[in-house]
Every structure is written in structure tokens, then in C-alpha cells.
Amino acid sequence: MLVSGRLTPKALSVGLIAFIFLICVTLASAIAWQLKQSANERLMNARIAVSNIVRASGQQAEDTLRQAESILSNLAERVENDKLDAEQRTRLFKVMASNVEATDGIQGLFIYNSNGDWVVNSFSSETVAKNNSDRSYFIYHKNHPDTATHIGQVILSRTTGEMIIPVSRRTQYPDGSFSGVVLATLPVAYFQHFFERLDVDKQGVILLALNNGDLLARRPMIDTLMTTNIAKGELFSRYLINSDDGTASLTSMVDGVERVYAYSRIPGLPIVAAAGLSLDSVFDTWWTYVYQASIMVVLIIIVLTSLGFLFYRQIQRLLVAEAELRLAQHDLEHIAKTDSLTGLPNRRCFDAKLAQEWSRTSRTESSVALILIDIDWFKQYNDYYGHVLGDECLKQIAQLIGKNINRPADLAARYGGEEFVILLPETNLAGAVNIAEEVRSAIEAADIEHRGSSVGIVTISAGVASNHQDGVIEPADLLEKADSLLYSAKKMGRNRVEHQSREDLKT
């Protein structure tokens, strides 16, 4: 009721109570929503974290196994094409010992004849009177005529007593009959040490397993590793049968801990990599945040007025919007400087870097070199394989170029189409030529099939120019010089690096 145009005390009291109640409900709802969003965010971050761990573990396993596969392929070729006399066995021992020493993750290399007798091993140059015909990998190759690499379940090494993962390949006589096995042993401890360097909580897990569920390595280690099979667990029976990679929340059949898992089959290998963070660790600090937020809500209701509360909420929104704006600006800057297909810096980024380096070299009279690269017969590659595989080829070439650029100041960029460019500050012409040759050799060694090329594989041609060469006065001259030399490389047969024009040779 109104008294002389004003609210009555009762009406004012009811209104105040209603207002405070509304504030309480509003604040409690807002905090509840925020806590839910925070929980979802922590779960999402946990999925991202374990996905990164799986990616790292899978890549480590793939790299190690591919190295072993390459070594076994070379050994098999030697065994099948050379006589294993005393002199050849001595040479093979040296080669195998050298391979073991130079390759991380390989404990030993062995060659067995068709009876399973040790012929050569990387541990000793002397003949060892041992027989491995009872090993499952030996029996497998004896009964399977294919020469594909085989990865077996974990066994105990008869040489060192350690748990090892056997990686083997069949050898055969010219008529295709079984002649023996070449074997590489990978210590389980190698993967365990790598897993220890990855960031998971005390109840977290990282594992490698065969497609049939046999464990190959696990953090934390379990005593029953060699006899544990997780094929009946949810990871294999529910998720991997539907998707080769993904994330899931499930309970481990090994230790009963509920975790957020990421999993992935390693392409081309019968191996699954998986990692999990325990839900207890994911939400450990979140519960502390829940308690703190609850206390804060009570204090805000008691202390702050409705206007103060509204100001507070507005400020929080402004701060969130500002952070999102900064993040969006950062993302836009990155997108503007990056080629979306290859992930390398784009032409715009390269032009800015070239201008910057040219200005610096003009002041300091230092060297700057440039390598212009073009994929040979790339139009024919697209015509033969299609643009989708053409894009994949560009990605592979970009990765190979990036791997051969080691200094922070060096810049590899996609120049346009099938052309790439490498800018090398503080580098003379000879140094740039060496880098260009390393890139060319790496791409040639990658052995990417290209039936549209006369050599049958993807190759590149490159022109190398330096700011100290005749006629190079402006940045455009450096590009023009490199382009001219690239054209010369193409004209002279491709798959080569050119750094001197005919005019340079005459002078």
C-alpha cells in the first residue's frame, strides 16, 4: 500500500525480501552454471592433454618401429642375396652392432636360419650355439609366407633377461621357401622411460598394446605385463571397434580406476596407443574451487548491494570479452601469416621477413641467402593422382623442408602452388647450397611415388642465390636470381640444385 505517495514499510519489506531472494537465486544459478562450465572445461582440457600424450607416445612407437623395420629390411636383403660365409657373417656383425649403437630403442639384432639356429647377432662376433625355433615369432614366420614385418607379444630376452618386444621378418630362398628370420628386439624399458617423461597424474596411465589386446608397455608398470590382455575391456570391445581414435571416459579393467582416455591406432602398424588421466585428479582442484565459490556467494549476498553485484558481473563479462578478443586477434594474426594447407609461413610472411632481413644486411653488410624450390613434374602428379593426393604430397614436401631448417632465424615458406622458398640469414652461398642439397636429398630419399615423373619418385629442383652475387641489389633481384637458377635447374634435367648461372661461370 502507498502512504502519502510512498511504499508502505510492509510493501518495502516484502519488496526488499523479494529482491534479496531474486539476487540469491540469480547469483546461485549463475555460480552453478559457471561451475558446470568449469567442470566441462576441465574435462575438455583433460581430453586434449591425453590426446597430446597419445600422439607423442604413438609417434615415438611408430618412429622406433619404422627404424627397426628399415634395418630388418636391409638385413633380409643381405641374407637373401649374399652367402653367409664367415667373412660375410663378420661384416654383418659389424653392420648390426653399428645399427644397434646408432638407433635408440633397439636392444639387439639377430639372424636365424631355417632351423632357428643363431647365425649372426649384434652382441658377439663369435658363433653362438643357441636355437630359437620355439619362439612364437619364429613359428609365425615359418608358417606364413609373407615377408611383412611382424610385431610379437612381450617376451623375456634369453640374452639379457629383460622384457622385450620382438620385431621380426621372414627371409626366404629364391624359390620362396623359408630360409630363416631376422629379428630386432625393443626393450620394454625404452618405452617405459619415455612414458615417465610425459605428464600424467599418479593414477594416470599410458600404454601401448597390440591390436589383439596384448600389452606391450604400460605406465605404471605391472608385474603381469607379459600375460595381460585387455581385449575384453571397454577400450577394445566398445570403442576401437567403431573408431580408430577418439576419447572416452571408462574404468580400467586392469586396476579399476575411472579415467578420461584418449586412444589411437598407429597408422600402418598393428598397435594401439592409449593414455588416461584419473577423474579424481581432473576434478581435484575443481572441488576446491566449488567450496571457495560457495563461500564467496554467501559473502556477496550478505555484503554487496544489488548495484555492486551488477557492476561486478559486468566487469567480469568485460574481462572475459577482452580475453576472447585478444585470443581472436592472436588467431587472426597466425592465420594471416600461415599457409592453411602445409602449415608453413605463407607468401605474405615471407615477404615481410625478406624485407626485414634485407634491411638488416644492408646495415651490417652480412650475408643472406635464398633457396627457391619447385616440385618436379607436379602438374603430372596432380593429373595422375588427383588434387587430394597432390595436396598430401605438398604437405609431405613441406614437412621434409621444415625438418631440414634448424636455426630459429631461418624461414621456410610456401611461395605459391608447388613452389617453396627458404630464407637463410647470416648464410653465404656455399652454406645455402649445402642446405639446398640436404633438402633435395631428403625429398629424394623419402621415395614418394610419382609415376608421372621419369624417375618414378617425387623430386625437386632448386635455385640458390645470395645477396653478394653480381646483380643482386634489391630483394627483388635476389628472388629473380634464384628464380633464374631454378629455371636453369629445370632446363638441365631437374632433381638438382643450381647456384651459378652461365654468366657467373664466364666471369
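Analyst: Let's start with a pair of helices: H10 and H11 are oblique to each other. Bear in mind that this is a predicted model.

User: Why are H10 and H11 called oblique?

Analyst: Their axes cross at roughly 135°. Roughly perpendicular covers 65 to 115 degrees and roughly antiparallel starts over 145, so H10 and H11 count as oblique. The axes of H10 (residues 378-385) and H11 (residues 387-403) come within 7 Å.

User: Which residues of H10 and H11 meet?

Analyst: From H10, Phe378, Tyr381, Asn382 and Tyr385 take part, and they meet His387, Leu389, Gly390, Cys393 and Leu394 of H11. Sorted by class, that contact has 6 nonpolar, 3 polar and no charged residues.

User: On to H7. What makes its buried residues line one face of the helix?

Analyst: The buried ones are Trp286, Val290, Ala293, Val297 and Ile300. Looking down the axis of H7, they fall within an arc of 100°, so they line one face. On the other side of H7 you'll find exposed residues, namely Asp284, Tyr291, Gln292, Ile295, Ile302 and Val303.

User: How does the reach of H7 compare with what is expected?

Analyst: H7 (residues 284-303) has 20 residues and reaches 29 Å from its first C-alpha to its last.

User: How do you know whether Ala436 is buried or exposed?

Analyst: Buried means under 20% relative accessible area. Ala436 has 2%, so Ala436 counts as buried. Ala436 sits in helix H12 (residues 429-445). Leaving aside residues up to four places away in sequence, Ala436 touches Ile371, Val464 and Val497.

User: And what makes Met44 partly exposed?

Analyst: The relative accessible area of Met44 is 45%. That value lies between the 20% and 50% cut-offs, so Met44 is partly exposed. You'll find Met44 in helix H1 (residues 9-81). Met44 and Ile31 are 13 residues apart in sequence and 20 Å apart in space, C-alpha to C-alpha.

User: Why does Asn113 count as partly exposed?

Analyst: Asn113 comes in at 23% relative accessibility. Buried would need a value under 20% and exposed one over 50%, so Asn113 counts as partly exposed. This residue of strand S3 (residues 108-113) touches Val119, Phe138, Ser179 and Gly180, not counting residues up to four places away in sequence. Asn113 and Gly180 are 67 residues apart along the chain, yet their C-alpha atoms are separated by 4.2 Å.

User: Last one: why is the bond between Arg219 and Pro220 pointed out?

Analyst: Arg219 and Pro220 are joined by a cis peptide bond, with omega about 0°. Most peptide bonds are trans. Pro220 lies in the loop between strand S10 (215-219) and helix H5 (234-240).

Technical notes: Residues are numbered from 1 along each chain as its sequence is written. This is a predicted model: local features need pLDDT of at least 70, side-chain atom pairs count only at pLDDT 80 or more; totals for chains, interfaces and linings use all residues. Side-chain values use heavy atoms; hydrogens and water are left out. Axes are lines fitted to C-alpha atoms, for helices over the stretch in contact, and angles run from 0 to 180 degrees between N-to-C directions. Helices (H or I, at least four residues) and strands (E, at least two) are DSSP runs, numbered from the N terminus. Angles under 35 degrees count as roughly parallel, over 145 as roughly antiparallel, 65 to 115 as roughly perpendicular and the rest as oblique. Contact means heavy atoms within 4.5 Å. Ala, Val, Leu, Ile, Met, Phe, Trp, Tyr, Cys and Pro count as nonpolar, Asp, Glu, Lys and Arg as charged, and the others, Gly among them, as polar. The expected span of a helix is 1.5 Å times one less than its number of residues. Buried means under 20% relative accessible area, exposed over 50%, partly exposed in between (1.4 Å probe, protein chains only). The arc is that of the directions from the helix axis to the C-beta atoms.
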